[in-house]
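Dear colleague,

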Amino acid sequence: MPYAASYAHPQSNRGLVVLTIEGLRRLHVSASFDVHSGECIALQGASGVGKSLLLRAIADLDVNEGILKLDGVLRESMPAPLWRKKVTYVAAEPGWWAETVQEHFPAWSEAIPLIEKLGLPVACGSWDIRRLSTGEKQRLGLVRALVLDSRVLLLDEPTSALDANSTKIVESMIADRASMGAGIIWSTHDKAQAQRVGSRLFIMSGGRIEELPP
Amino acid sequence: MTYIQLSYGDLILPAFLVVMNGALSIALHLRLEKQLAIATARMFIQLVLVGYVLTFLFAAVSPFWTALAAVVMVLFASREIVARQKRRLMGVWTYGLGAACTLMAAGTVTIFSLLTQLHPDPWYHPRYALPLLGMILGNTMTGIGLGLDVLTNGLVRERAAVEAHLALGATRYQALLPVIRDALRSGFMPTINGMAAIGLVSLPGMMTGQILAGVEPADAVKYQLLIMFLIAGGTGLGTLAAVIGGGYRLTDHRHRLRLDRISSELGT
């Protein structure tokens with residue numbers, strides 16, 4: 001697993017704190033932890049336990065309570081759209097608001113290298129969204145977020161619809177982002193994937209998270 | 001200007017046409033006879049009552065009674081707007097948004113036409129103000145009702161798309177724009193279709209009424225054109241305000257989609 005080696009771990013080698021989460025509450029979900037630059041937190045837990053709720057709350061997509069800071073700056077002190085460009089949530093089933101692929105990217109040319117890396121043709125920019133497979137949608141949804149160069153990526157089952165090869169490429173791409181200093185929270189049902197990608201492992205049950213020993 | 005006056009007795013024979021519909025419903029087991037009877041009775045009572053009310057208002061020429069009648073008309077319109085919603089905004093916004101936008105749009109356009117085109121004396125004369133308001137209100141109400149219905153249903157249906165856009169840093173206005181466009185199109189379409197078909201497919205009620213009352217067709221046409229312009233303006237203004245207001249209410253200051261502010265579907 002050569003791609004896993006590029007994550008900044010073990011714990012002692014963590015970078016600076018990029019995201020601080022204190023007393024975050026959303027419905028039955030509550031959490032407090034820090035995300036460091038260059039690390040990937042693998043978040044596991046049964047379906048319906050609240051992993052997506054936690055990631056959406058961090059991105060401020062749902063009403064929630066708590067103190068969140070990005071590089072020491074309070075979430076409420078910056079406009080919500082700016083917060084989400086820096087702390088970006090990627091849904092397992094990404095939504096689409098325009099007719100063609102290209103219309104969903106602020107600058108298509110910036111997306112092309114990532115698109116090619118994920119095994120999609122450059123011509124897919126003109127494709128109708130309705131003709132995309134679930135896997136293509138998931139890869140393009142990820143690229144759409146990666147072009148933002150976010151400080152923190154909140155990945156909600158980002159490879160759930162992908163084959164082994166595509167999964168491997170996605171894991172490698174996210175590892176590259178972490179090595180460039182981004183903080184990652186990666187929700188997954190796949191225990192082996194969690195072990196591969198996670199520099200820290202969190203397990204969620206009853207709406208609370210617990211860090212597993214390395 | 002002469003016209004053929006009708007007595008209530010003259011209406012008995014035409015009323016048999018409705019009775020014929022009822023008989024058809026019974027014969028064909030359409031089960032519409034009860035609804036038809038209630039609707040006919042309501043129509044009769046409402047129109048006779050409104051005839052007396054208008055007679056009183058036209059004799060009084062009072063700003064207070066005219067304004068009160070206008071407010072009552074707006075309240076009934078907002079009730080109709082809510083009745084046409086599959087999903088409704090919660091709280092005071094249920095009736096408040098429709099009523100406010102209807103009042104603003106229909107009121108503005110009516111006052112505009114009274115002050116700039118018709119110049120009645122006094123300017124609020126109920127003989128002009130109330131029929132004008134009524135016609136503008138009916139169309140504005142339809143536009144607002146359709147616009148809000150498409151907005152709320154569209155946001156529920158397109159939730160993933162809207163939130164994906166928000167998650168990538170779009171503002172609430174950018175994220176809602178595709179749904180807002182659909183809602184505005186739906187609100188405007190009946191008026192545009194009505195304008196396109198008028199004169200060819202149908203002769204509008206007001207124009208027909210004026211011609212029957214002895215007005216020259218060329219003069220009746222001018223009035224009808226004025227009304228259509230006012231209706232288009234009122235519907236556009238009201239639908240725009242209601243859809244933008246609805247979009248504002250269904251998001252918050254942190255640019256989050258707030259579908260929790262819509263009540264569940266009707267009939268559940």
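Two residues are said to be in contact if their C-beta atoms, placed from the backbone, lie within 7 Å. On that basis, 21 residues of chain A are in contact with 16 residues of chain B. Please note that this is a predicted model.

On the side of chain A that touches chain B, the elements giving two or more residues are α2 (80-86), β6 (87-90) and α4 (134-146) of chain A. The most comes from α2(A), with 5 residues. Sorted by class, this side of chain A has 13 nonpolar, 2 polar and 6 charged residues.

Within chain B, helix α4 (residues 93-118) packs with helix α5 (residues 126-157) at an angle of about 145 degrees, and their axes are 9 Å apart. The crossing of these two helices, α4(B) and α5(B), is right-handed. Residues making the contact include G98(B), A105(B), V109(B) and L118(B) from α4(B), and Y128(B), L133(B), I136(B) and L148(B) from α5(B). This contact of α4(B) with α5(B) has 15 nonpolar and 5 polar residues, and no charged ones.

The largest nonpolar core has 104 residues, of which L154(A) and I184(A) touch the most other members. The largest share of this core, 14 residues, is contributed by α5(B). Which residues does I184(A) touch, not counting those up to four places away in sequence? They are C40(A), I41(A), L153(A), L155(A), I174(A), R177(A) and A178(A).

Conventions: Residues are numbered from 1 along each chain as its sequence is written. Chains are lettered from A and ligands numbered from 1 in the order in which they are written. This is a predicted model: local features need pLDDT of at least 70, side-chain atom pairs count only at pLDDT 80 or more; totals for chains, interfaces and linings use all residues. Helices (H or I, at least four residues) and strands (E, at least two) are DSSP runs, numbered from the N terminus. Ala, Val, Leu, Ile, Met, Phe, Trp, Tyr, Cys and Pro count as nonpolar, Asp, Glu, Lys and Arg as charged, and the others, Gly among them, as polar. Axes are lines fitted to C-alpha atoms, for helices over the stretch in contact, and angles run from 0 to 180 degrees between N-to-C directions. A crossing is left-handed if the near helix is turned anticlockwise from the far one by less than a right angle, and right-handed if clockwise. A nonpolar core is a set of buried Ala, Val, Leu, Ile, Met, Phe, Trp, Tyr and Cys residues joined through C-beta atoms within 7 Å. A residue is buried if 20 or more other C-beta atoms lie within 10 Å of its own, exposed if 12 or fewer, and partly exposed in between; C-beta atoms are placed from the backbone.
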